[in-house]
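Thanks for coming. I have a few items to go through, so let me put the model up before I start.

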Amino acid sequence: MVSFEMDDRKKIGLGLTGFGIFFSFLGVLFFFDKGLLAMGNILFLSGVMLTIGLKSSLQFFMKPSNYKGTISFGVGFFFVVVGWPVLGMILEAYGFIVLFREQCVIVPHKSEEQVLQGAERRQQTVFKRRKGKGQGVGFGKIIKGVLSL
């Protein structure tokens, strides 16, 4: 099991990422306000970099498989700042999907794995309790009772 410890830097990074998503949502809600969209982009990127670290962020964005997403996200950010927020948001959304599609596949698999492991642990615990205390009627006792009739 992986231990994920939250230090202050990661907490601030997650907060900035959340505010970035919130400002981007407000920017879209207020008819693609370029100021809110630009602020959301800056907060989102700085939050991601604080959460996973600068080196990991650069490695993530500069992977050859992520070039297409990184370039489209960067060009979209440029278009938002220049004054074409609709085109910029379309490019950013495409870049976001390309960049994070691998994580979207991993998350349901990992959560399903966690659920199955939890169910297995509960089943083992129930079995140990019954076996250790002699409670419950086992299948063998039922068969012996039926055969003795």
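F31 is exposed, with a relative accessible area of 76%. Exposed here means over 50% relative accessible area, buried means under 20%, and partly exposed is in between, with a 1.4 Å probe and protein chains only. This is a predicted model, where local features need pLDDT of at least 70, side-chain atom pairs count only at pLDDT 80 or more, and totals for chains, interfaces and linings use all residues. Residues are numbered from 1 along each chain as its sequence is written, and side-chain values use heavy atoms, with hydrogens and water left out.

Back to F31. It is in the loop between α1 (8–29) and α2 (34–52); helices are DSSP runs of H or I, at least four residues, numbered from the N terminus. F32 has a positive phi of about 55 degrees and is not a glycine either. At 27% relative accessibility, F32 counts as partly exposed.

Next, the rings. How many aromatic pairs does a search of the whole structure find? Seven. Rings of Phe, Tyr and Trp (its six-membered ring) pair if their centres lie within 6.5 Å; planes under 30 degrees apart are stacked, over 60 edge-to-face, and the rest tilted. One of the pairs is F22 with F23, edge-to-face, at 6.1 Å centre to centre and 75 degrees between the planes. F22 is partly exposed at 44%, and F23 is partly exposed at 25%.

Then there are F96 and F100. Their ring centres are 4.7 Å apart and their planes are at 45 degrees, so this pair is tilted. Being four residues apart in helix α5 (residues 85–133), they are separated by about one helical turn. F96 counts as partly exposed, at 38% relative accessibility, while F100 counts as buried, at 19%. F96 and F100 form one aromatic cluster with F44, F60 and F61.

Last, the surface. M49, L54, L58, M62, Y67, I71 and V75 make a nonpolar patch of about 650 Å². Patch residues have over 30% relative accessible area and no salt bridge, and nonpolar side chains (Val, Leu, Ile, Met, Phe, Trp, Tyr) are joined within 5 Å. A salt bridge is a side-chain nitrogen of Lys or Arg within 4 Å of a carboxyl oxygen of Asp or Glu. α3 (54–61) and α4 (67–82) each supply at least two residues of the patch, and α4 gives the most, with three. L54 lies in α3 and is exposed, at 54%.

Methods
Patches are made of residues with over 30% relative accessible area and no salt bridge: like charges are joined within 9 Å, nonpolar side chains (Val, Leu, Ile, Met, Phe, Trp, Tyr) within 5 Å. Accessible areas come from the Shrake-Rupley method with a 1.4 Å probe; for residues, only the protein chains shown count as cover.
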